[in-house]
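Please look over the sequence and the structure below before reading on.

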Amino acid sequence: MEIDYSTYNNKKNVFYITEKIIDSNNLYLKARKNEGRILTDKEVGILPNLNRFEWPFRIQSTQRIIDYISRKKRALAVLDIGCGNGWFSNKIAKIPNVNNVVGLDINKEELEQAASVFKSKYLKFVYADVFKTSSVFEAQFDIITLNGVVQYFENFSELITLLHSFLKPNGEIHIIDSPFYKTSEIKNAKESTKKYYTNLGVPEMAKHYHAHDKNLVANFDTLYTYKRNILHKMLGKKESPFSWYRFIKK
Ligand SMILES: C[S@@+](CC[C@H](N)C(=O)[O-])C[C@H]1O[C@@H](n2cnc3c(N)ncnc32)[C@H](O)[C@@H]1O
């Protein structure tokens, strides 16, 4: 059965499926502000084509998955978990065979920006703690995207098990622009995170940024593997340093 959004509170074109503000979101926002990463509406509107931060490195990874989804020859419903300011949800909503995109986040400020910058009859922005949505999203989606997001979830396997229940038969979960580490690298990654957020003036945020082990995606398909290429580097090519993982529901 299709989701009836009219039953949810709608404030500034954001649908509230859960209402409770999650504490880590305030820390996340503070960190984003201190990093200077809160973007103007105009900047959000042109993403990923922004010549700052990591954006130049995200152009190719975005295009790769957009091309992949475009090649599917049937109407698709897509859930973009942790959509932030909505730029990626909007890109997906523009693909001709996609007729239903839900951008979901717990970041009210960015969701409101998303809903005001990107308007399409195929696109909805939803405030929800994904773990508290009960059965609302059960068997609703053909594709679920996690773009630069898994590091904000403590328990990766619990998340994937939940998202699995949101998929229709043969549905797919895609993870892009997200770091996974060799087991031997995790301790260092955690220390770097701690140092980073301490220097940023938001040390508590380190508890909400997680270094996940590569073994967790061992049974996923790898659709793109990052390989260092000296020639590309010399030519100034900007390539995402992250692999692209896909899980298909059997
Ligand atoms: C680095 S941002 C990525 C935003 C966007 N996907 C992109 O590629 O630019 C990570 C997002 O994950 C969201 N997030 C963290 N925990 C979440 C949760 N439990 N449910 C939904 N979103 C969450 C944050 O609020 C944030 O907007």
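Which residue follows α1, and is its phi positive or negative? The residue is Gly-36, and its phi is positive, near 75°. This is a predicted model, in which local features need pLDDT of at least 70, side-chain atom pairs count only at pLDDT 80 or more, and totals for chains, interfaces and linings use all residues. Residues are numbered from 1 along each chain as its sequence is written.

Helices (H or I, at least four residues) and strands (E, at least two) are DSSP runs, numbered from the N terminus. The helix α1 has 13 residues, which at 1.5 Å a residue should span 18 Å; its end C-alpha atoms are 19 Å apart, which agrees. The expected span here is 1.5 Å times one less than the number of residues in the helix.

The chain as a whole holds eight helices and eleven strands. Its radius of gyration is 18 Å, close to the 18 Å that the globule rule gives for 250 residues, so the chain is as compact as a globular protein of that length. The radius is taken over C-alpha atoms, and the rule is 2.2 Å times the number of residues to the power 0.38.

Of the 250 residues, 34% are buried. A residue is buried if 20 or more other C-beta atoms lie within 10 Å of its own, exposed if 12 or fewer, and partly exposed in between, with C-beta atoms placed from the backbone. A nonpolar core is a set of buried Ala, Val, Leu, Ile, Met, Phe, Trp, Tyr and Cys residues joined through C-beta atoms within 7 Å. The largest such core has 49 residues, and Val-78, Leu-79, Leu-104, Val-126 and Ile-144 touch the most other members. Apart from it lies another core, of six residues, including Tyr-28 and Tyr-197.

Now for the backbone. Most residues other than glycine have a negative phi, and most peptide bonds are trans. Lys-12 is not a glycine, yet its phi is positive, about 50°. Lys-12 lies in the loop between β1 (9-11) and β2 (14-16), and it counts as exposed because it has 11 C-beta neighbours inside 10 Å. Asn-170 also has a positive phi, near 65°, but its place is in strand β7 (residues 167-176). Asn-170 is exposed, with 9 other C-beta atoms within 10 Å. A cis peptide bond, with omega about 10°, joins Leu-47 and Pro-48. Pro-48 sits in the loop between α2 (41-46) and α3 (55-70).
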